[in-house]
Amino acid sequence: MFPDVSKMKIYLICGKTDLRKGIDGLAALILDSFELDIYDDAIFLFCGSKADRFKALYWDKTGFVLFYKRIENGRFQWPRSPEEARRITAQQLQRLLDGFNIENRKTIYEAKPGMLF
């Protein structure tokens, strides 16, 4: 069961992660590269080079849980650079899992009178 992330800290590990890493390797990456607390009430998300799969790691107070998901048709809009741990909201996570970019980019702009003629 995927945890209720609405009240958790969500960290997106930008860039490409070697998804051959297991719990220990991903936990070491978080500690060594980003200096974040892996025992915090947080979930850490990693994406491989193909961008069609990701892993999620979190501490559930009794041990680490590792989720792995591969989508069959399409790619995630995963931020590829710079390599950083970016904190995102539950809504941004949902956008990512739905196949959208995590940034709320506005595509409809306010029109000004006289723009067409």
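Which residue of strand 3 is the bridge partner of L45? The partner is A56. Strands and helices here are DSSP runs numbered from the N terminus, with at least two residues (E) for a strand and at least four (H or I) for a helix. Two strands count as paired if DSSP finds at least two bridges between them.

The model is predicted, and local features need pLDDT of at least 70, side-chain atom pairs count only at pLDDT 80 or more, and totals for chains, interfaces and linings use all residues. Residues are numbered from 1 along each chain as its sequence is written, and side-chain values use heavy atoms, with hydrogens and water left out.

The pairings can be taken in turn. Strand 2 (residues 42-47) and strand 3 (residues 53-59) run antiparallel and are joined by five bridges. Strand 1 and strand 2 run parallel, with four bridges between them. Within that pairing, I10 has I43 of strand 2 as its bridge partner. Strand 1 and strand 5 pair in the antiparallel sense over four bridges.

Strand 1 is mostly covered, with four of its five residues buried. Buried means under 20% relative accessible area, exposed means over 50%, and partly exposed lies in between (1.4 Å probe, protein chains only).

Contact means heavy atoms within 4.5 Å. Strand 1, helix 1 and strand 2 make a right-handed β-α-β unit. The crossover is right-handed if, with the strands pointing away from the viewer, the path from the first strand over the helix to the second runs clockwise.

The largest nonpolar core has 17 residues. A nonpolar core is a set of buried Ala, Val, Leu, Ile, Met, Phe, Trp, Tyr and Cys residues joined through side-chain atoms within 4.5 Å. The residues with the most contacts inside this core are I10, L12, I43, L45, W78 and I88. Strand 1, strand 2, strand 3 and helix 2 (90-97) each supply at least two of its residues. Leaving aside residues up to four places away in sequence, I10 touches V5, I43, L45, R86, R87, I88, T89, A90 and L93. Another core, of 13 residues, lies apart from the largest one. Among its members are L26, I30, L36 and A42.

Aromatic rings also pair. Rings of Phe, Tyr and Trp (its six-membered ring) pair if their centres lie within 6.5 Å; planes under 30 degrees apart count as stacked, over 60 as edge-to-face and the rest as tilted. By this rule the count is eight aromatic pairs. The ring centres of Y58 and F67 are 6.2 Å apart and the planes lie at 5 degrees, so this pair is stacked. Y58 counts as buried at 12% relative accessibility. F76 and W78 form an edge-to-face pair, 6.3 Å centre to centre with 75 degrees between the planes. F76 is buried at a relative accessible area of 5%, and W78 is buried at 6%. Y39, W59 and F64 form one aromatic cluster.

Two loops remain to be described. Most residues other than glycine have a negative phi. E35, in the loop between helix 1 and strand 2, has a positive phi near 55 degrees. E35 is exposed, with a relative accessible area of 71%. A51, in the loop between strand 2 and strand 3, has a positive phi near 60 degrees. A51 counts as buried at 8% relative accessibility. D40 lies in the loop between helix 1 and strand 2 and counts as partly exposed at 23% relative accessibility. The C-alpha atoms of D40 and W59 are separated by 7.4 Å, while the residues are 19 apart along the chain.
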